[in-house]
Amino acid sequence: PLDDPGLTAEDQKAGLAFMRLLVEVSAPCPGGGPVKPPIMDEEGAPPADSEGPPPLADAPEGPVPVADPAPPADAPFDFERMRKEVELDPLEKCAAPLHGRRIAQALDGTGDPTPAHVKKVLDKAGYVHYRVLGLTEANGRVEFTLDLRGGELCLDGSYDGTRTTFDPYGANPGVYCTDVKRRG
(Lines give C-alpha, C1' and ligand atoms only; values in the text may rest on other atoms or scores of the structure.)
Protein backbone atom coordinates (compact mmCIF):
# COMPACT_ATOMS: atom_id res chain seq x y z
CA PRO A 1 0.00 0.00 0.00
CA LEU A 2 1.07 3.55 -0.65
CA ASP A 3 1.09 4.36 3.09
CA ASP A 4 3.77 1.70 3.76
CA PRO A 5 6.49 3.49 5.77
CA GLY A 6 9.12 1.44 3.91
CA LEU A 7 8.29 3.12 0.60
CA THR A 8 10.31 6.13 -0.42
CA ALA A 9 8.68 9.29 -1.74
CA GLU A 10 9.79 8.15 -5.21
CA ASP A 11 8.11 4.75 -4.67
CA GLN A 12 4.90 6.48 -3.58
CA LYS A 13 4.97 8.75 -6.62
CA ALA A 14 5.52 5.71 -8.87
CA GLY A 15 2.66 3.93 -7.07
CA LEU A 16 0.28 6.79 -7.86
CA ALA A 17 1.40 6.76 -11.49
CA PHE A 18 0.80 2.99 -11.50
CA MET A 19 -2.74 3.48 -10.20
CA ARG A 20 -3.37 6.01 -12.98
CA LEU A 21 -2.02 3.42 -15.45
CA LEU A 22 -4.48 0.80 -14.15
CA VAL A 23 -7.38 3.23 -14.69
CA GLU A 24 -6.07 4.28 -18.11
CA VAL A 25 -5.63 0.71 -19.37
CA SER A 26 -9.13 -0.28 -18.19
CA ALA A 27 -10.78 2.84 -19.67
CA PRO A 28 -12.10 1.09 -22.83
CA CYS A 29 -13.73 -1.63 -20.71
CA PRO A 30 -17.37 -1.49 -19.59
CA GLY A 31 -17.26 0.12 -16.15
CA GLY A 32 -13.69 1.32 -16.69
CA GLY A 33 -12.39 4.78 -17.26
CA PRO A 34 -11.56 7.73 -15.15
CA VAL A 35 -13.07 7.93 -11.71
CA LYS A 36 -14.45 11.35 -10.87
CA PRO A 37 -12.65 12.61 -7.78
CA PRO A 38 -14.84 13.90 -4.97
CA ILE A 39 -15.28 17.65 -4.75
CA MET A 40 -13.03 19.01 -1.99
CA ASP A 41 -12.29 22.43 -0.57
CA GLU A 42 -8.79 23.95 -0.38
CA GLU A 43 -7.97 21.93 2.76
CA GLY A 44 -8.98 18.59 1.26
CA ALA A 45 -12.34 18.27 3.05
CA PRO A 46 -15.79 17.98 1.49
CA PRO A 47 -17.50 21.38 1.27
CA ALA A 48 -19.67 22.21 4.31
CA ASP A 49 -22.80 22.41 2.17
CA SER A 50 -22.15 18.98 0.66
CA GLU A 51 -24.75 16.34 1.48
CA GLY A 52 -22.60 13.54 0.13
CA PRO A 53 -23.25 11.50 -2.98
CA PRO A 54 -26.84 11.14 -4.15
CA PRO A 55 -28.46 7.79 -3.33
CA LEU A 56 -28.40 5.18 -6.05
CA ALA A 57 -31.76 4.86 -7.81
CA ASP A 58 -31.85 1.08 -7.64
CA ALA A 59 -29.88 0.57 -4.41
CA PRO A 60 -31.11 -2.43 -2.39
CA GLU A 61 -32.68 -1.84 1.01
CA GLY A 62 -30.83 -3.21 4.01
CA PRO A 63 -27.36 -4.80 4.16
CA VAL A 64 -25.61 -5.75 0.95
CA PRO A 65 -24.91 -9.50 0.74
CA VAL A 66 -21.25 -10.52 0.66
CA ALA A 67 -20.20 -13.42 -1.57
CA ASP A 68 -17.65 -14.88 0.85
CA PRO A 69 -18.45 -13.86 4.44
CA ALA A 70 -15.52 -13.08 6.69
CA PRO A 71 -14.67 -15.83 9.18
CA PRO A 72 -15.54 -15.17 12.82
CA ALA A 73 -13.01 -12.99 14.63
CA ASP A 74 -11.85 -15.91 16.77
CA ALA A 75 -11.29 -18.20 13.74
CA PRO A 76 -7.66 -18.78 12.75
CA PHE A 77 -6.37 -17.32 9.47
CA ASP A 78 -6.89 -19.95 6.76
CA PHE A 79 -3.95 -19.48 4.39
CA GLU A 80 -4.96 -22.41 2.18
CA ARG A 81 -8.43 -20.93 1.63
CA MET A 82 -6.91 -17.53 0.85
CA ARG A 83 -4.55 -19.10 -1.72
CA LYS A 84 -7.39 -20.33 -3.93
CA GLU A 85 -7.65 -18.62 -7.29
CA VAL A 86 -10.61 -16.23 -7.38
CA GLU A 87 -12.86 -15.24 -10.27
CA LEU A 88 -12.04 -11.95 -11.97
CA ASP A 89 -14.84 -9.43 -12.33
CA PRO A 90 -15.89 -8.32 -15.85
CA LEU A 91 -13.74 -5.17 -15.72
CA GLU A 92 -10.63 -7.17 -14.83
CA LYS A 93 -11.41 -9.82 -17.46
CA CYS A 94 -11.52 -7.02 -20.02
CA ALA A 95 -8.41 -5.22 -18.71
CA ALA A 96 -6.22 -8.36 -18.53
CA PRO A 97 -5.64 -8.76 -22.30
CA LEU A 98 -5.16 -4.99 -22.61
CA HIS A 99 -2.31 -5.18 -20.10
CA GLY A 100 -0.97 -8.26 -21.87
CA ARG A 101 -0.89 -6.50 -25.25
CA ARG A 102 0.67 -3.40 -23.70
CA ILE A 103 3.41 -5.50 -22.10
CA ALA A 104 3.97 -7.51 -25.29
CA GLN A 105 4.32 -4.28 -27.31
CA ALA A 106 6.95 -3.06 -24.85
CA LEU A 107 8.92 -6.34 -24.72
CA ASP A 108 8.47 -8.21 -28.00
CA GLY A 109 11.51 -8.20 -30.22
CA THR A 110 13.72 -6.32 -27.77
CA GLY A 111 15.93 -9.40 -27.32
CA ASP A 112 17.85 -10.05 -24.13
CA PRO A 113 15.57 -12.47 -22.25
CA THR A 114 17.09 -11.71 -18.85
CA PRO A 115 15.33 -10.72 -15.64
CA ALA A 116 17.20 -7.38 -15.56
CA HIS A 117 16.05 -6.50 -19.09
CA VAL A 118 12.42 -7.49 -18.46
CA LYS A 119 12.39 -5.54 -15.18
CA LYS A 120 13.80 -2.47 -16.91
CA VAL A 121 11.24 -2.62 -19.75
CA LEU A 122 8.31 -3.20 -17.38
CA ASP A 123 9.46 -0.32 -15.19
CA LYS A 124 9.72 1.96 -18.21
CA ALA A 125 6.19 0.86 -19.23
CA GLY A 126 4.90 2.03 -15.81
CA TYR A 127 4.72 -1.26 -13.91
CA VAL A 128 6.37 -0.38 -10.58
CA HIS A 129 9.16 -2.61 -9.30
CA TYR A 130 7.36 -3.77 -6.17
CA ARG A 131 4.45 -5.05 -8.34
CA VAL A 132 6.78 -7.17 -10.54
CA LEU A 133 7.27 -10.48 -8.76
CA GLY A 134 9.13 -13.73 -9.32
CA LEU A 135 11.44 -12.71 -12.16
CA THR A 136 13.18 -15.98 -13.02
CA GLU A 137 15.17 -17.16 -16.00
CA ALA A 138 15.05 -20.74 -17.27
CA ASN A 139 15.55 -22.36 -20.66
CA GLY A 140 15.99 -19.04 -22.48
CA ARG A 141 12.77 -17.58 -21.05
CA VAL A 142 12.06 -15.06 -18.33
CA GLU A 143 8.98 -15.71 -16.28
CA PHE A 144 7.38 -13.05 -14.12
CA THR A 145 4.21 -12.22 -12.24
CA LEU A 146 2.58 -8.80 -12.22
CA ASP A 147 0.40 -7.74 -9.32
CA LEU A 148 -2.17 -5.56 -11.09
CA ARG A 149 -4.52 -5.53 -8.17
CA GLY A 150 -6.75 -2.63 -7.61
CA GLY A 151 -9.14 -5.58 -7.28
CA GLU A 152 -7.87 -9.13 -7.81
CA LEU A 153 -6.04 -9.14 -11.17
CA CYS A 154 -2.68 -10.87 -11.38
CA LEU A 155 -0.88 -11.76 -14.57
CA ASP A 156 1.77 -14.44 -15.12
CA GLY A 157 4.00 -13.62 -18.06
CA SER A 158 6.80 -15.23 -20.01
CA TYR A 159 9.25 -13.62 -22.43
CA ASP A 160 11.67 -15.51 -24.70
CA GLY A 161 13.47 -12.62 -26.43
CA THR A 162 10.99 -12.35 -29.28
CA ARG A 163 7.53 -13.08 -27.91
CA THR A 164 5.60 -12.45 -24.69
CA THR A 165 2.81 -14.68 -23.42
CA PHE A 166 0.57 -14.03 -20.45
CA ASP A 167 -2.07 -15.72 -18.31
CA PRO A 168 -4.40 -13.64 -16.10
CA TYR A 169 -5.97 -14.88 -12.86
CA GLY A 170 -7.49 -13.59 -9.65
CA ALA A 171 -5.91 -13.48 -6.21
CA ASN A 172 -7.39 -12.78 -2.82
CA PRO A 173 -6.06 -9.45 -1.45
CA GLY A 174 -4.77 -11.32 1.62
CA VAL A 175 -2.01 -13.15 -0.28
CA TYR A 176 0.66 -12.39 -2.87
CA CYS A 177 -0.12 -13.20 -6.48
CA THR A 178 2.73 -15.72 -6.39
CA ASP A 179 1.04 -17.61 -3.50
CA VAL A 180 -2.10 -18.46 -5.47
CA LYS A 181 -2.81 -22.12 -6.22
CA ARG A 182 -3.93 -21.97 -9.82
CA ARG A 183 -6.93 -23.96 -11.04
CA GLY A 184 -6.29 -26.96 -13.27
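This is a predicted model: local features need pLDDT of at least 70, side-chain atom pairs count only at pLDDT 80 or more; totals for chains, interfaces and linings use all residues.

Mentor: Residues are numbered from 1 along each chain as its sequence is written, and side-chain values use heavy atoms, with hydrogens and water left out.

Trainee: How many helices and strands are there in the chain?
Mentor: Helices (H or I, at least four residues) and strands (E, at least two) are DSSP runs, numbered from the N terminus. The chain has four helices and four strands. Their order from the N terminus is α-α-α-α-β-β-β-β.

Trainee: Which residues of helix H4 are buried?
Mentor: Buried means under 20% relative accessible area, exposed over 50%, and partly exposed in between (1.4 Å probe, protein chains only). In H4, residues 115–124, the buried ones are His117, Val118, Val121 and Leu122. Seen down the axis of H4, these buried residues fall within an arc of 125°, so they line one face of the helix; the arc is that of the directions from the helix axis to the C-beta atoms. The face of H4 turned away from the buried side carries the exposed residues Ala116, Lys120 and Lys124.

Trainee: How many disulfides does the structure hold?
Mentor: A disulfide is a pair of cysteine sulfur atoms within 2.5 Å. The structure holds two. One joins Cys29 and Cys94, with sulfur atoms 2.1 Å apart. This pair links distant parts of the chain, 65 residues apart: Cys29 lies in the loop between helix H1 (9–26) and helix H2 (79–82), and Cys94 lies in helix H3. Cys29 is buried, at 4% relative accessible area, whereas Cys94 is partly exposed, at 24%.

Trainee: Which cysteines form a disulfide with sulfur atoms 2.0 Å apart?
Mentor: Those are Cys154 and Cys177. Cys154 is in strand E3 and Cys177 in the segment after strand E4 (164–170), 23 residues apart. Both Cys154 and Cys177 are buried.

Trainee: Why is the disulfide of Cys154 and Cys177 left-handed?
Mentor: The torsion about its S-S bond is about -70°, so the disulfide is left-handed. For Cys29 and Cys94 the torsion is about -85°, so that disulfide is left-handed.
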